Amino acid sequence: MKNSVKLKGRLKSYLQSSLYLGFLLIAVDVLIYFIDYRAGLVLTCFIIFYLAIILSLMFYNKPIIINELVSFATQYGQIQRRLLRDLDLPHALLDENGKIIWTNIAFERAVDKEKGYRKSITSLFPSITKDRLPGKTGETEIELDVDYGECNYIAKLKKISLKEMAQNSDIIDAKGYDGYLIAMYLFDETALKIALQEVDDQSLAVGLVYLDNYEEALESVEEVRRSLLIALIDRKVNKYIAAVDGICKKMEKDKYLVIMRKKAASYLQEKRFDLLEDVKTVNIGNEMALTLSIGLGLNGLTYAQNYEFARNAIDLALGRGGDQAVIKMPENVMYYGGKSQQVEKSTRVKARVKAHALKEIISIKDEVYVMGHRMGDTDSFGAAVGIYRVAKTLGKQAHIVLNDITTSMQPMVEMFLHNDNYEEDMIINNTQALEMIGGNAVLVVVDVNKPSITECPELLKRCHSIVVFDHHRQGSEIIENATLSYIEAYASSTCEMVSEILQYTSDTLRIRAEEADCMYAGIIIDTNNFMTKTGVRTFEAAAFLRRNGADVTRVRKLFRDDAAEYKAKADAVSQAEIYRQFYAISICRGEHVQSPTIIGAQAANELLNIKGIKASFILTAYNGAIFVSARSIDEVNVQLVMERMGGGGHLNVAGCQLQGSIEEGIAILKRTLDTMIEEGDLD
């Protein structure tokens, strides 16, 4: 780097002022010559003497002045350097690539390094990489949160141009300076963050604890022991909350209000809410183990909002089948437990109440629209047909919204197309529905409670009155502001629920054979021929449909596979990989079948017949996405697995959709299984 030190600015003007005065005297001397020749000659002699003295002094004193200035600057720089070295604020200079070229004492103390440490700043703070430095990102100044040891800092890095420094100097005119340095300052935020964390830990967490099967558990024990069972449960719940310095107040016979610190809630999360399993160990002769659900609300802006979060969380826990803990926060929802099957309710009082409410809603509306989920299946279509019959019995116009008709649904849909007993507009598509729907219409959503996967999400925005019937466990995404919501995770199918609704709608209601066949078929498919999730009420619903004309033989004929579908299913079963001893994973290659996802689901059911298999997963490539069908019998909750992958469903029947290739989908599935096994979510 070539440097030439010259005077400039005010100092240069001041030293040259005598010379400028000499030039002024010359001008005056010229004017005097016109007035008096002899006076001008005298002044000329003086000017020559004056300029000689001034020029000699300038050339003689310039090096001395520069030397004095440099000496002063050096001493001044030493003072500045000393002050920077002793400054309590950690400070360092870096080159363009982040290499440390100078540090002060406070910086050396902060990073526990000796004077002369000249390695890259990344070696001290891994988050400060070369591509994040000022100048590399296009910014001149940045701030980063960094940690060193147990200390937390805010690092401020500023780009300092060497050329600008030289140009801003009033003394030195330096040409050829180029490049830049980076000034780095560390601001210790450790104490502040500890204080903020302490405040956050002490913030209020509100919880609700509900006993899922209180009445059923009491009925399974002798009457003289019931008070003891209640006392033992109360003791376990109160002791569990008291152990984390919380407050537990019993509101009703099977409901508790819990108040605790957020830090205590975090501790319970780490323990994965072991009360869920501990309460099941209470046994004083009761045939049925008692289970409970926990809902916690955190990070709300107010105490009231935390309580509202807790209420939403407990509703989610109960809607998903109970025996689990749900934590709701403004940004997300977390689930724990949920490994056991929900107990079927023996009473049908709730079904009667919901049927009466549905009747009241439909009675004041002009028309009824019914829709299920995208790529509808037998259960969604059968339930839609049942709601259609309710609407027609009440004398209302009704339409079923259906777009893609899968091969499994084709035989059932054809029973209603070109049938003189049904209107031509009984089954319509999305476009027709959006054009036809009026302001006084009710939309009934069946077999789905997730708005994004409904047959026509736009209808949810257009319709002000919405009714939801579903048997899937609820997730964090739900249909908001439903006028009536009937979601029962213990039900085998939505067709079972609608069959019960039909029995309480009207005494004059008569179901036609086609409609009974559709609903009976929905129950058959979702229970895998009455082998999965089948309870007393399932058989009662099937018996009701049988009395109303459902024919077992006709239904069986509806589901016979053609040769290509049968071969595709057999191929998926034969190619199955047994992963980690208990999980069957396979691919359904249905290039020559119309609905490969249906075949994949059937193959997943078939794989459960292999001895030792706890869960089966079939991946199918269809319409640019990867569809995953997950099935289990009773040992694994496949809904939790699918939720980790962005889907959902039931404890025994679940699914999800992925993007990418089949191989990538299998890799994601295996990683998810590995993670859940390590965390203890899959026993």
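**Notebook: His-472 and the chain around it**

I began at His-472, whose side chain reaches the backbone oxygen of Asp-447 at 3.4 Å. This is a predicted model, where local features need pLDDT of at least 70, side-chain atom pairs count only at pLDDT 80 or more, and totals for chains, interfaces and linings use all residues. Residues are numbered from 1 along each chain as its sequence is written, and side-chain values use heavy atoms, with hydrogens and water left out.

Next I looked up the side-chain partner: His-472 makes a polar contact with the side chain of Asp-470 at 2.8 Å. (A polar contact is a pair of N or O atoms within 3.5 Å; within protein, one must be able to donate a hydrogen and the other to accept it, and residues adjacent in sequence count only if both atoms are side-chain atoms.)

Where does His-472 lie? I found it in the loop between β16 (465-470) and β17 (484-487). Strands here are DSSP runs of E, at least two residues, and helices are runs of H or I, at least four, numbered from the N terminus.

I then listed what His-472 touches (heavy atoms within 4.5 Å). Leaving out residues up to four places away in sequence, the list includes Gly-319, Val-448, Ile-487 and His-650.

Finally I stepped back to the whole chain and noted 24 helices and 23 strands. Its radius of gyration is 41 Å, well over the 26 Å that the globule rule gives for 683 residues, so the protein chain is more spread out than a compact globule. (The radius is taken over C-alpha atoms; the rule is 2.2 Å times the number of residues to the power 0.38.)
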